[in-house]
Amino acid sequence: MNQADPTTRTQIADRIARTRKLARNASRRRFARDLLSVTGPAMTIALAGSLVGILTDRLIGPGIDWWLIAGPAAGIALVASLAIALRRRTGDLEGASEVDRSMLLEDRLSSALALAERDPENPFVQMAIADAEHLASRVRARQAVKVGLGRSWIAWPVIAAASIAIGMTMQPMHLLKD
């Protein structure tokens, strides 16, 4: 493995700046996609559980404020979603690899990033970097890494609205009291 001096590394970094920026943006979009894909189902499950808790409280319980049931459930779901998304977070190389896969670039971006760190003086690596920079100028991370909301993003707001409506309008019935 050929180690380049710091000056050469800076020059290589300058030559591969567009590719690295595209990879970093793709990695950020992957994080946003992961966060949104985990948050929707987590909120749906948590708020469905809180809806059951609020209904149970209104039918047989002591009449706890609805937000004391729904609030912690939603908070735990959000914190857990963030923790899972942070755990799944990847680096620039994986971001470049996803751009390669989705745009059918045959690993040209990720190969250039990986090779630029190992042997920047190699003529093949310099050609790979030039090719990657050309491709990076034409590709946008938004095209390559789609970020969207799943079906659960329809469900959890409806469940939350039902929880709020029941919690605010239904009075405790105490059905199990004699």
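The legends below describe close-up views of a predicted model. Residues are numbered from 1 along each chain as its sequence is written, and side-chain values use heavy atoms, with hydrogens and water left out.

**View 1. Helices α4 and α5 cross as a roughly antiparallel pair.** Helix α4 spans residues 92-102 and helix α5 residues 108-118; helices (H or I, at least four residues) and strands (E, at least two) are DSSP runs, numbered from the N terminus. The two axes come within 7 Å and cross at roughly 155°. Axes are lines fitted to C-alpha atoms, for helices over the stretch in contact, and angles run from 0 to 180 degrees between N-to-C directions. Angles under 35 degrees count as roughly parallel, over 145 as roughly antiparallel, 65 to 115 as roughly perpendicular and the rest as oblique, and α4 and α5 are therefore roughly antiparallel to each other. From α4, the contact (heavy atoms within 4.5 Å) involves Asp92, Leu93, Ala96, Ser97, Val99 and Asp100. From α5, Arg108, Leu109, Ser110, Leu113 and Ala114 take part.

**View 2. Glu106 sits in the loop between α4 and α5.** Its phi is positive, about 55°, although Glu106 is not a glycine. Glu106 is exposed, with a relative accessible area of 68%. Here buried means under 20% relative accessible area, exposed over 50%, and partly exposed in between (1.4 Å probe, protein chains only).

**View 3. A salt bridge joins Arg20 and Glu117.** A salt bridge is a side-chain nitrogen of Lys or Arg within 4 Å of a carboxyl oxygen of Asp or Glu, and the count by this rule comes to six. Side chains of opposite charge can pair when their charged atoms come close. For Arg20 and Glu117 the N to O distance is 3.2 Å. Arg20 lies in helix α2 and Glu117 in helix α5, so the pair ties together parts that are 97 residues apart in sequence. Both residues are partly exposed: Arg20 has a relative accessible area of 21%, and Glu117 one of 42%.

**View 4. Asp131 and Arg108 meet in a salt bridge.** Their side chains are 3.6 Å apart, N to O. Asp131 belongs to helix α6 and Arg108 to helix α5, so this pair ties together parts that are 23 residues apart in sequence. Asp131 is partly exposed at 27% relative accessible area, and Arg108 is partly exposed at 34%.

**View 5. Asp57 and Arg58 form a salt bridge.** The closest N and O atoms are 2.6 Å apart. Asp57 counts as buried at 5% relative accessibility, and Arg58 is buried as well, also at 5%. Elsewhere, Arg30, Arg33 and Glu98 are linked in a network of salt bridges.

**View 6. Val125 is a buried residue of helix α6.** Helix α6 covers residues 123-138, and Val125 has 2% relative accessibility. Leaving aside neighbours within four places in sequence, Val125 is in contact with Leu115, Ala116, Asp119 and Pro120. Val125 and Leu115 are 10 residues apart in sequence, and their C-alpha atoms are 6.1 Å apart.

**View 7. Thr39 is a buried residue of helix α2.** Helix α2 runs over residues 17-60. Thr39 has a relative accessibility of 7%. Residues up to four places away in sequence not counted, Thr39 touches Leu78, Ser81 and Trp153.

**View 8. A nonpolar surface patch includes Leu175.** The patch is about 480 Å² and is made by Leu59, Ile60, Met173, Leu175 and Leu176. Patches are made of residues with over 30% relative accessible area and no salt bridge: like charges are joined within 9 Å, nonpolar side chains (Val, Leu, Ile, Met, Phe, Trp, Tyr) within 5 Å. Accessible areas come from the Shrake-Rupley method with a 1.4 Å probe; for residues, only the protein chains shown count as cover. Leu175 is found in the segment after α8 (152-169) and is exposed, with a relative accessible area of 55%. His174 is also found in the segment after α8. His174, a residue other than glycine, has a positive phi near 50° and counts as partly exposed at 28% relative accessibility.

Note on methods:
Predicted model: local features only at pLDDT ≥ 70, side-chain atom pairs only at ≥ 80, totals over all residues.
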